[in-house]
Amino acid sequence: MRGLLSTGMGRLDDVLGGGIREGLNVALIGSFDEDNLLLMHQMACNILRSGHRVLLAEFRQAPNVLKEWLSHYGIKYENYIENGRLKILDGFTNLYSSQPVRGEGIIPNPRDLGITVGIIRDELASGNYEVLVIDDLTILYALQSDKDAYTRVVIRFINSIKELGGQVFAGINSEVTEKEDLAKLLLPFEYVIEVANGQIKPLRSYYSPRVPAGRIPYRKTEKGLEDLRESYYSLQDLKNSLHLDEKGNLWMGSERVQIIGEEGEASLVEFAYHYLGPEEGKKFLYLWGRYEFRGMGRAYKNMYDSLRTALEDLASSTEVSGGGKLERVELEDDLIVLRGRNLFPRMRGFKYPAHINYAGEIAQLLEEYTGEKWEGDETRCQAMGHSYCEFVFRKKVPRPKAANRWFDR
């Protein structure tokens, strides 16, 4: 049985069932921002690091321009080219040159699909390359007058690579490709991954996912695309992710945010108690916290093997985001106690627990992580004059079913 290739992004590997199976084809579809192509090259670089041999067919730009573009994101192909593990076929130059250009690695007439796919297959076989990377299929598609013929050739070509014992990673721009043609082009790919609008979404995977399939928010950095969740391990990382666009939108990576002062959130807490009353206000804030943390426990379970580590990461994330400090006091099978200081918002002289939403958030995380029912409460609160906030979480014990007394009737 063939092994798995890591994408280089842990969470994406989990969604794909552990990674990409060797020998199976991968399509990365995206838009004009070319983030799908950047992720494809990150994967290619990761495959090269693992010791595999890669043939890259480049149709989008000249190879030297490609290498310069990738260098801005920390992807450097030169060493792999020098040691013979990577070869770049230049399918760009003769697409637009007024006179045929000849040379090593230059495809003479890329628009002639028969010649082009023949050259690529021969290079793949003679060089013992295991992986073919195509950057990107959309370029040749846009230059064809007969789109149907093009899609038929590509489908046969991709499948023939598998027959040779190789596998294909290919980029496709879905905004250029007609919907029906896109569906046809994706037929020979066992994996289809969409990279668009700041999110990565696996649309097709060979193996069942380890985590619920969904979108993985990312940010683009000097290291390429990074999982947004894994990017913020320090306050400086968080600061670096913030940017303000020309329309007045503040972004944290790919997520739009707004800076909320303590007074604003304190007003919400006060209003909930004032309008709903002590019991219903507390219930509302608790359920609000649970609602906000939907999916967090499942995400933590796939990142961390122990609940202890998951709670430590939650405490770190809370501090980095300015939410205050959380520390674990007790961790038992059916009882967990956490202590908080300077939690957001800081309030003084308040009558009711001001951070009950934290209790709701963590109870939701515990339920999803453990698969069992948990209840949480804020038993002490700095806003009420205590020296710290205390959160107590208890596992709910199912009530025994009532005995069937029909025979007593």
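Where in the chain is D136 found, and between which β and α elements does its loop lie? In this predicted model, D136 sits in the loop that runs between β6 (131-135) and α7 (137-142).

**Cis peptide bonds**
- D135 and D136 are joined by a cis peptide bond, for which omega is about -20 degrees, and D136 belongs to the loop between β6 (131-135) and α7 (137-142).
- A cis peptide bond also leads from F344 to P345, with omega near -5 degrees, and P345 is placed in the loop between β16 (335-341) and α16 (356-370).

- E34, although not a glycine, has a positive phi of about 65 degrees; E34 lies in the loop between β3 (26-30) and α2 (35-49), and its relative accessible area of 26% makes it partly exposed.
- N197 is likewise not a glycine and has a positive phi of about 55 degrees; N197 is located in the loop between β8 (191-196) and β9 (199-204), where a relative accessible area of 71% makes it exposed.

- Searching the whole structure gives zero disulfides.
- For C389, the closest cysteine sulfur is that of C381, and because the two sulfurs are 4.1 Å apart, they are too far from each other for a bond, given that a disulfide requires cysteine sulfur atoms within 2.5 Å.
- C389 counts as buried because its relative accessibility is 0%, and C45 also counts as buried, with a relative accessibility of 4%.

Definitions and conventions: Residues numbered from 1 in each chain as written. Predicted model: local features only at pLDDT ≥ 70, side-chain atom pairs only at ≥ 80, totals over all residues. Heavy atoms only, no water. Buried < 20%, exposed > 50% of the residue type's maximum accessible area, 1.4 Å probe, protein only. Helix = DSSP H or I, 4+ residues; strand = E, 2+ residues; numbered from the N terminus.
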